[in-house]
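Keep the sequence and the model open beside you.

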Amino acid sequence: MLLKGRFEVGESLSSRTRVAIDRRTGKKVVVKELSLQQLSSWEGLERFEAEAKTLESVRHPSIPFFVTSFVLDEESPDPRFFLVREFINGTPLGALVGQRLPQDRIDGLTRTLLASLGEIHNLTPPLIHGDLRPDRILETTSGRLIFVGFGFSSAVHSEDYSGFLAPERIANPATIQSDLYSVGAILWTLSSGEPPEQLHHRQGKPELDPNLPTGFQRLLDRLLALEPTDRPATAEAALEIFETPMALSFPREQALAHPRRAPV
């Protein structure tokens with residue numbers, strides 16, 4: 001199938017996305033299609049258009065390059081909307097779900113994920129993903145993480161909620177803190193091998209495996225807090241929590257006030 005006399009569509013990646021060859025450049029691209037009759041509400045089209053607008057307006061190594069968008073059969077009862085973006089030769093983190101990754105692999109993903117997310121949060125204006133989940137993060141062979149599936153920054157309905165979303169997202173738009181909750185849920189899932197729905201909270205804090213390394217446990221404890229104000233303010237602050245060695249259990253002044261007795 002040839003779209004717009006330019007995009008030669010091939011294999012399917014999902015129900016809505018296919019790989020294609022851009023005959024103008026000879027490069028692989030990803031074509032995302034949305035049919036009006038497939039929609040249960042106008043919100044689906046609004047999200048589709050928001051994703052196209054985001055990709056078109058942003059240039060960043062962690063975001064696919066926008067190629068074009070267009071509409072076919074515009075005058076018919078079932079117009080079809082298309083978004084064309086750069087093809088990323090990478091593997092979605094969703095392919096790792098169900099495994100229990102070794103801690104050194106988790107540590108590397110933690111650093112890369114927080115650093116990459118911090119970069120797009122620091123764009124002007126800040127770019128907030130809104131619906132981070134493993135299938136929407138691609139890992140390239142070089143180890144770079146690429147974010148896809150933008151367009152979910154508004155409040156979501158309960159039927160659209162997943163365990164990777166911060167609980168407040170059902171009634172509220174996305175924020176930096178809601179993205180950070182999603183990072184915590186992704187890391188917890190990849191480290192435990194369990195789906196995020198199996199994560200439980202007590203008094204607003206996640207119930208974590210006490211055998212987790214201290215820095216990683218301390219990070220998840222903050223990222224997965226139910227109250228957004230209890231989470232780190234930024235991805236950089238989250239990374240600092242992860243990297244900072246455990247502080248002494250009592251203040252230095254207290255130690256000086258109660259010197260250890262010399263052995264008798």
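Helices (H or I, at least four residues) and strands (E, at least two) are DSSP runs, numbered from the N terminus. The model is predicted: local features need pLDDT of at least 70, side-chain atom pairs count only at pLDDT 80 or more, and totals for chains, interfaces and linings use all residues. Residues are numbered from 1 along each chain as its sequence is written, and side-chain values use heavy atoms, without hydrogens and water.

**Exercise 1.** Find the strand order of the six-stranded open sheet.

Solution. Two strands pair if DSSP finds at least two bridges between them. The order is β1-β2-β3-β4-β6-β5, with antiparallel pairing. β1 (2–3) and β5 (66–72) have a single partner strand each, so one side of each lacks a neighbour in the sheet. Next, take β2 (residues 7–12) and β3 (residues 17–22): four bridges join them. Phe-7 has Asp-22 in β3 as its bridge partner.

**Exercise 2.** Locate the cis peptide bond.

Solution. Look from Thr-124 to Pro-125, where omega is near -5°. Pro-125 sits in the loop between α2 (103–121) and β8 (137–140).

**Exercise 3.** Asp-73 has a positive phi, and so does Gln-203. Is each exposed or partly exposed?

Solution. Most residues other than glycine have a negative phi. Start with Asp-73: phi is about 55°, and the residue lies in the loop between β5 and β6. Its relative accessibility is 41%, so Asp-73 is partly exposed (buried is under 20% relative accessible area, exposed over 50%, partly exposed in between; 1.4 Å probe, protein chains only). Now take Gln-203: phi is near 55°. Gln-203 lies in the loop between β10 (201–202) and β11 (205–206). At 82% relative accessibility, Gln-203 is exposed.
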